[in-house]
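User: Hey, I'm new to this one. Can you bring it up and walk me through it?

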Amino acid sequence: MGIWQRFRRSLRSVFIIPGEATAKVLSAFRDRFPTVTLELLIEGLGAVTQKLLSEEASIGIGGPVTSEHPALERRRLGEVALIPVAAPDHPLARAIADGEDIIGQSRQHLQLVLADRSDLTEGREFSVISPHTWRLGDLGAKHSLLKEGLGWGNMPRAMIAEDLANGTLVELDLPEAPGANYSLTGLWLRKAQPRPAGRWLMDEFEKQLARCA
């Protein structure tokens, strides 16, 4: 009987890491570990930590707040660029294009924000500027609403590169500079060190994120 291992991994979101990088890593993983089953769990913010603490996942990839729990060990893997964007006909985009003074205007418009579905970081704010917010469960929904012009918000640059190129979305040069390089960290329980497949995955994501940067 052959060896069959079950391996689980949790990501903050399938979109926060550039899709091309994720595809390359997982394709190479399949070739290198053909007998290892990979279960990809897509969670947001503190929910990544919850999956690890409940032992529903073996390793995770999360952002700065996600990695703060004392039961977790961590390893920095890289970063992705988050930038504020909106549809070209959004009032903020038009004001910037017209050269208007937009100090404070971002607070007057609806900001689309990634929601935290966990109790660990519930209620904490992540680059939220406007008091007017809609909170969404995933980046795909946020992406769609941004293109419809329903608000403005931060998005991973790699995810919206095509939108920026064809003008479906435009980058907002806001005085508050809400965009940032978002640090990504490999996470696992201190009492359960990653096995070879998990260590290899983190090595490969680190290489791919460095290439993207």
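Analyst: Let's start with one spot: Ala-177 sits in the loop between β8 and β9 (180–189). Strands here (E, at least two residues) and helices (H or I, at least four) are DSSP runs, numbered from the N terminus. This is a predicted model, where local features need pLDDT of at least 70, side-chain atom pairs count only at pLDDT 80 or more, and totals for chains, interfaces and linings use all residues. Residues are numbered from 1 along each chain as its sequence is written, and side-chain values use heavy atoms, with hydrogens and water left out.

User: OK, and is Ala-177 buried or exposed?

Analyst: Ala-177 is exposed, at a relative accessible area of 53%. Exposed means over 50%, buried means under 20%, and partly exposed is in between (1.4 Å probe, protein chains only).

User: What about the phi of Ala-177?

Analyst: Ala-177 has a positive phi, about 45°, although it isn't a glycine. Glu-55 also isn't a glycine, and its phi is positive at about 65°.

User: Where is Glu-55, then?

Analyst: Look in the loop between α2 (46–53) and β3 (59–62). Glu-55 is exposed, with 51% relative accessible area.

User: Switching topic: where does His-90 sit?

Analyst: His-90 is in the loop between β4 (72–86) and α3 (91–97). His-90 counts as buried because its relative accessibility is 4%.

User: Which residues is His-90 in contact with?

Analyst: Leaving aside neighbours within four places in sequence, His-90 is in contact with His-109, Gly-149, Gly-151 and Trp-152. Contact means heavy atoms within 4.5 Å.

User: Zooming out, how many helices and strands are there?

Analyst: The protein has six helices and nine strands. It has 213 residues, and 47% of them count as buried.

User: And how far apart in sequence are the residues that contacts join?

Analyst: Take contacts between residues at least 6 apart in sequence: 75% of those join residues at least 24 apart.

User: What's the mean pLDDT of the protein?

Analyst: The mean is 83, and 85% of the residues reach 70 or more. pLDDT is the predictor's confidence in each residue, from 0 to 100.

User: Which elements have the lowest and highest mean pLDDT?

Analyst: Strand β1 (residues 5–11) has the lowest, at 43, and strand β8 (residues 170–171) the highest, at 98. Over residues 1–15 the pLDDT is below 50, and that stretch has 67 contacts in the model beyond near neighbours in sequence.
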